[in-house]
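Student: I've got this one open on my screen and would like to talk it through. Can we start with how a pair of helices packs?

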Amino acid sequence: MEWIQSERGGRKLLLGGYMYVKQKDLADGYEGFECELRRNTRQCRAKIKVMGDNQFRDRTEHNHPPNHGRSNATKVKAATKRRATESNERPQQVLMATLCEVTEEGRAALPSLNNMRRNIRRQRQENPNALPIPMTVEDLEIPVDQRLTLGGELFLYHDSGRNDPRRILVFTTARNLQDRF
Ligand SMILES: [Zn+2]
């Protein structure tokens, strides 16, 4: 049994090439999950009862074959999104870490590398507050929208770059410099 974060903030169960979403809490302490195809299109009625993270019972049959590639791709996409929003790593580093989990079938169900890199940047812009406090000056990555003043002027005036071991960041505006000198 594997679990990933669903788009809506709940959890999604991956089991045997099938994906399940939560339906409801059951009286006996189990949680009722149903095939995501039932939720999405009402085409499959398969259900499963889950206790905690690795116990289940009463699994019913699906009316479609399992899709291991899609399951794997979904898992990798969720891991990538999580790493994108919780680390300061460059997109390439995020992908190197998460793509090692990809199976051959999963690869076919994933977007292109360029699209995945674009998704990482988008996810970061949508969740700017999820970035952790950088431990070193190389880790520091300032989101694009936070490089400007409220008036829209460039405030990160100069950055010698993350590859510079003696990195220098200059925060000021052009107008500020003029006033000073
Ligand atoms: Zn199903």
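Student: In what hand of crossing does α2 pass α5?

Tutor: In this predicted model, α2 passes α5 in a right-handed crossing.

Student: And within what distance do the axes come, and at what angle do they cross?

Tutor: The axes of helix α2, residues 68–86, and helix α5, residues 113–126, come within 9 Å and cross at roughly 50°. Angles under 35 degrees would count as roughly parallel and 65 to 115 as roughly perpendicular, so α2 is oblique to α5.

Student: Which residues meet there?

Tutor: From α2 the contacts involve Thr 80, Lys 81, Ala 84 and Thr 85, and these meet Met 116, Ile 120, Gln 123 and Arg 124 in α5.

Student: Zooming out, how many helices and strands does the protein have?

Tutor: There are six helices and eight strands, and read along the sequence they follow the pattern β-β-β-β-α-β-β-α-α-α-α-β-β-α.

Student: What about domains, where do they fall?

Tutor: The domain assignment gives domain 1 as 2–57, domain 2 as 68–130 and domain 3 as 144–180, with the C-alpha centres of domain 2 and domain 3 lying 30 Å apart.

Student: What is the radius of gyration, and what would a compact globule have?

Tutor: The protein has 22 Å, whereas a compact globule of 181 residues would have a radius of gyration near 16 Å. Along its principal axes, the C-alpha trace spans about 75 × 35 × 30 Å.

Notes
Residues numbered from 1 in each chain as written. Predicted model: local features only at pLDDT ≥ 70, side-chain atom pairs only at ≥ 80, totals over all residues. Domains from an automatic or database assignment. Helix = DSSP H or I, 4+ residues; strand = E, 2+ residues; numbered from the N terminus. Rg over C-alpha atoms; globule rule 2.2 N^0.38 Å. Axes fitted to C-alpha atoms, helices over the stretch in contact; angles between N-to-C directions. Parallel < 35°, antiparallel > 145°, perpendicular 65-115°, else oblique. Left-handed = near helix turned anticlockwise from the far one by under 90°. Contact = placed C-beta atoms within 7 Å.
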